[in-house]
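Please read each point with the model at hand.

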Amino acid sequence: MNWDQIKGNWKQFKGQAQQKWGDLTGDDLDRVDGKREELVGVVQERYGIAKDEAEKEVKDFESNCRC
């Protein structure tokens, strides 16, 4: 799945993101609003990981998203 599809259907994918990153709040996911870079930043911030690790996790999420 590509990010344009995820962004266009963000309301549907928020639940999957919440499952993957349980520490993210509903407010975090609302703030992301389907923006990939915003998600990377929030994951990095919440989990205290390096940007490249957050990038890798988001890429994994993107690859494994289910419609």
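1. A residue is called buried when its relative accessible area is under 20%, exposed when it is over 50%, and partly exposed in between (1.4 Å probe, protein chains only). By this criterion, buried residues make up 33% of the 67 residues in the protein chain.

2. The model is predicted: local features need pLDDT of at least 70 and side-chain atom pairs count only at pLDDT 80 or more, while totals for chains, interfaces and linings use all residues. Residues are numbered from 1 along each chain as its sequence is written, and side-chain values use heavy atoms, with hydrogens and water left out.

3. The protein chain contains 5 helices and 0 strands, where helices (H or I, at least four residues) and strands (E, at least two) are DSSP runs numbered from the N terminus. Along the sequence, the pattern is α-α-α-α-α. The radius of gyration of the protein chain is 11 Å, close to the 11 Å that the globule rule gives for 67 residues, so the chain is as compact as a globular protein of that length. This radius is taken over C-alpha atoms, and the rule is 2.2 Å times the number of residues to the power 0.38. The C-alpha atoms fill a box of roughly 30 × 20 × 20 Å along the principal axes.

4. Contact means heavy atoms within 4.5 Å. Of the contacts in the protein chain with a separation of 6 or more, 41% are accounted for by residues 24 or more positions apart.

5. Which residues of H5 are buried? They are Ala-54, Val-58, Phe-61 and Glu-62. These residues cover an arc of only 100 degrees around the axis, which puts them on the same side of H5; the arc is that of the directions from the helix axis to the C-beta atoms. An α-helix has 3.6 residues a turn, so residues three or four places apart point the same way. On the other side of H5, Asp-52, Lys-56, Lys-59 and Ser-63 are exposed. The cover over the buried residues of H5 includes helix H1 (3-8), helix H2 (10-20) and H4.

6. Side chains of opposite charge can pair when their charged atoms come close. A salt bridge is a side-chain nitrogen of Lys or Arg within 4 Å of a carboxyl oxygen of Asp or Glu, and the whole structure holds 7 salt bridges. One of them joins Arg-36 and Glu-62, at 3.1 Å from N to O. Arg-36 lies in helix H4 (residues 36-47) and Glu-62 in helix H5 (residues 51-64), so the pair ties together parts that are 26 residues apart in sequence.

7. Is Glu-62 buried or exposed? Glu-62 is buried, with a relative accessible area of 14%, and Arg-36 is buried too. Leaving aside residues up to four places away in sequence, Glu-62 touches Met-1, Asn-2, Trp-3, Ile-6 and Arg-36.

8. Lys-51 is partly exposed at 44% relative accessibility, and Glu-37 is partly exposed at 48%. Salt bridges that share partners also join Arg-36, Glu-55 and Glu-62 into one network.
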